[in-house]
Amino acid sequence: MTAFSLAIPKRWQPASVWLLYVVGLVPAAWYFYLGATDQLGADPVKTFELCLGIWTIRFLILTLAVTPARDLLGWNYLRYRRALGLLTFYYALMHFTVYMVLDQALDIAAVIDDVVKRPFIMFGMGALAMLVPLAITSNNFSIRRLGKNWIWLHRLVYIIGACAALHFALSTKILSLEQYIYVGLIIALILYRSYKPIGRSRKKGQGRARGGRAVASSAS
Amino acid sequence: AALTTVRSKYTVDEKLTPIKDVTTYNNFYEFGLDKGDPAALAGKFKPLPWTIKVDGMVNKPGTFDIEALMKEFPIEERVYRMRCVEAWSMVIPWNGFPLASLLDKVEPQGSAKYVAFETVVRPEEMPGQAGLFQSLNWPYVEGLRMDEARHPLALLAVGLYGETLPNQNGAPVRLVVPWKYGFKGIKSIVRITLTDQQPKNTWQVTNPQEYGFYANVNPAVDHPRWSQATERRIGESGFFGASRHPTLPFNGYADEVASLYDGMDLRVNF
């Protein structure tokens with residue numbers, strides 16, 4: 001079965017989650033190094049800002065893809081979903097920080113003006129603001145404490161996905177092929193979830209031995 | 001190739017953008033959407049031999065060899081500010097001759113009110129014009145009102161930094177109208193037509209809510225999706241302490257060109 005051939009041996013799984021954090025942060029570190037050593041082209045700040053934004057989108061897509069990958073392909077990566085979600089948050093936060101500190105040079109008035117006047121910035125800020133409660137409640141304690149409410153709260157990720165897609169699509173003069181692909185993936189993942197009620201997919205996931213254990217471990 | 005140039009009074013006293021940045025950070029969608037694409041993908045483009053067809057409402061239409069024009073008109077060096085609609089800017093030493101010189105040569109008729117420009121279409125040499133995904137409708141087209149086209153600041157550039165234009169900057173001949181956003185500076189021109197109708201310009205056709213015919217640099221009229229009040233000066237600072245400049249009305253050329261638009265509402269004619 002595909003799921004087994006792709007699965008990582010059990011005793012390495014905790015380490016593999018930490019490895020995902022490390023590997024996930026490599027692009028940010030690498031581009032920061034390139035920028036700081038003047039190897040990021042003519043407009044290094046913008047390039048760094050865009051790169052952090054694109055990686056935010058990539059991790060968001062991976063986060064949203066965990067459930068459909070299990071449902072449709074039998075790949076169980078639930079164990080990595082928290083790390084992927086948090087990487088999305090870290091990249092969104094770095095993207096915003098670069099915009100605020102390096103791009104706008106901490107001109108708060110200009111930033112506020114951007115946020116209230118420009119829909120594309122508004123969507124981005126909205127997505128980042130909604131990511132904050134999800135990141136704060138991503139620990140096991142919150143999952144236990146919030147119970148059913150936790151699941152409801154974390155459905156915010158679909159609204160975040162929609163805001164992120166709008167932010168990304170509206171940020172350029174015309175959509176590039178890359179933007180069509182990423183925005184299309186986000187739309188597909190949101191549609192998949194709205195088509196497939198969450199309760200049903202959870203039941204189905206628990207029906208499988210491995211999936212069931214992963215859900216249990218992240219919820220206990 | 002190196003150009004022999006004469007100094008021009010049209011020189012802004014600001015720090016030049018390094019040639020490396022001018023030639024590697026380009027919007028030239030015929031070669032791709034990424035700023036680095038033109039420099040990376042323009043190697044196959046053959047800028048010579050090259051002719052420009054000038055037709056429409058003129059007494060002496062013709063097809064002109066660019067190398068002959070470069071011998072006929074003195075090549076001036078002009079240091080202009082360049083402001084992109086995306087809110088970045090450069091200071092570039094262009095080499096070229098006034099557009100008016102070429103227009104005089106073909107003798108525009110009294111009925112000609114506008115000048116339309118057209119970029120070459122060569123999918124085999126320009127990867128952005130080939131394949132399934134194409135960003136704009138080709139050819140790229142632009143236009144100016146006759147008085148704008150005849151303004152001494154309107155330049156047909158054939159070089160920068162004393163050398164003939166690199167392919168990625170619009171070789172062998174491009175328009176430079178420094179008081180307008182950069183997209184008005186149509187590149188690799190093959191045709192100029194004088195007409196009595198306001199010509200279409202590619203960006204206005206693509207998104208009329210966001211891009212107009214005039215496209216004069218104007219800090220008071222925001223792009224619908226971003227502010228035009230300030231600009232990032234490319235190449236001026238590195239990763240840290242990137243400084244923003246205030247954007248000037250008509251990109252700092254208001255004294256020369258503001259009178260062209262007397263009585264016009266520049267919020268409507270953006």
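Helices are taken here as DSSP runs of at least four residues, numbered from the N terminus, and in the predicted model helix H3 of chain A is followed by A:Gly74, whose phi is positive, near 75°. Helix H3 itself, spanning residues 44-73 of chain A, bends by about 40° at A:Ala65, with a proline, A:Pro68, following within four residues. The helix is mostly covered, in that 21 of its 30 residues are buried.

Confidence in the model was considered for the whole and for each chain. The model scores ipTM 0.81 and pTM 0.86. Chain B has a mean pLDDT of 95, with 99% of its residues reaching 70 or more, while chain A averages a pLDDT of 85, with 86% of the residues scoring at least 70. Over residues 203-220 of chain A the pLDDT is below 50, and this stretch has 29 contacts in the model beyond near neighbours in sequence.

Chain A contains 12 helices and zero strands, and along the sequence its pattern reads α-α-α-α-α-α-α-α-α-α-α-α. Of the 220 residues in this chain, 45% are buried, and among its contacts with a separation of 6 or more, residues 24 or more positions apart account for 70%. An unreviewed UniProt entry annotates "transmembrane region" at residues 12-32, 52-72, 84-102, 122-141, 153-171 and 177-195 of chain A. Two of these annotated spans were examined in the model. Residues 153-171 are 89% helix and 0% strand, and their end C-alpha atoms lie 28 Å apart; residues 177-195 are 100% helix and 0% strand, with end C-alpha atoms 26 Å apart. The unreviewed UniProt entry also carries the annotation "domain: Ferric oxidoreductase", which covers residues 52-160 of chain A. Over that range the chain is 84% helix and 0% strand, and the end C-alpha atoms are 17 Å apart.

Cysteines of chain A were also inspected. A:Cys51 counts as buried because its relative accessibility, 10%, falls under the 20% cut-off, and A:Cys163 is likewise classed as buried, at 11% relative accessibility. A search of the whole structure finds zero disulfides over all chains.

For chain B, UniProt places the feature "domain: Oxidoreductase molybdopterin-binding" at residues 47-203, again in an unreviewed entry. In the model this span is 13% helix and 37% strand, and its end C-alpha atoms lie 24 Å apart. Within the annotated range, B:Pro172 is found in the loop between strand E9 (163-164) and strand E10 (174-176), and this proline is buried, with a relative accessible area of 8%. Residues up to four places away in sequence not being counted, B:Pro172 touches B:Pro47, B:Leu48, B:Trp50, B:Ile66, B:Ala157, B:Val158 and B:Leu165. The C-alpha atoms of B:Pro172 and B:Tyr10, which are 162 residues apart along the chain, are separated by 22 Å. B:Thr202, placed in helix H6 (residues 202-206) of chain B, is also buried, with a relative accessible area of 5%. Setting aside residues up to four places away in sequence, B:Thr202 touches B:Leu136, B:Pro139, B:Tyr140 and B:Val141.

The two chains meet at an interface in which 27 residues of chain B are in contact with 28 residues of chain A. Between them the chains bury about 2,300 Å², of which 62% is on carbon and sulfur atoms. B:Phe133, B:Arg225 and B:Phe239 supply 35% of the area that chain B buries against chain A, more than any other three residues.

A further residue of chain B with contacts to chain A is B:Arg232, which is found in strand E12 (residues 230-233) of chain B. At 6% relative accessibility, B:Arg232 counts as buried. Leaving aside neighbours within four places in sequence, B:Arg232 is in contact with A:Asp43, A:Lys46 and A:Asp103 of chain A, and with B:Glu86, B:Ala87, B:Trp88, B:Ser89, B:Ser243 and B:Arg244 of chain B. One of these partners, A:Lys46, belongs to helix H3 (residues 44-73), the helix that bends at A:Ala65. B:Arg232 and B:Val106, by contrast, are 40 Å apart in space, C-alpha to C-alpha, and 126 residues apart in sequence.

Technical notes
Residues numbered from 1 in each chain as written. Chains lettered and ligands numbered in written order. Predicted model: local features only at pLDDT ≥ 70, side-chain atom pairs only at ≥ 80, totals over all residues. Heavy atoms only, no water. pLDDT = per-residue confidence, 0-100. Contact = heavy atoms within 4.5 Å. Bend = angle between axes of the 7 residues up to and from the residue. Helix = DSSP H or I, 4+ residues; strand = E, 2+ residues; numbered from the N terminus. Buried < 20%, exposed > 50% of the residue type's maximum accessible area, 1.4 Å probe, protein only. UniProt positions renumbered as here; feature names shortened; annotations may be inferred. Disulfide = S-S within 2.5 Å. Buried area = accessible area lost by both parts, 1.4 Å probe.
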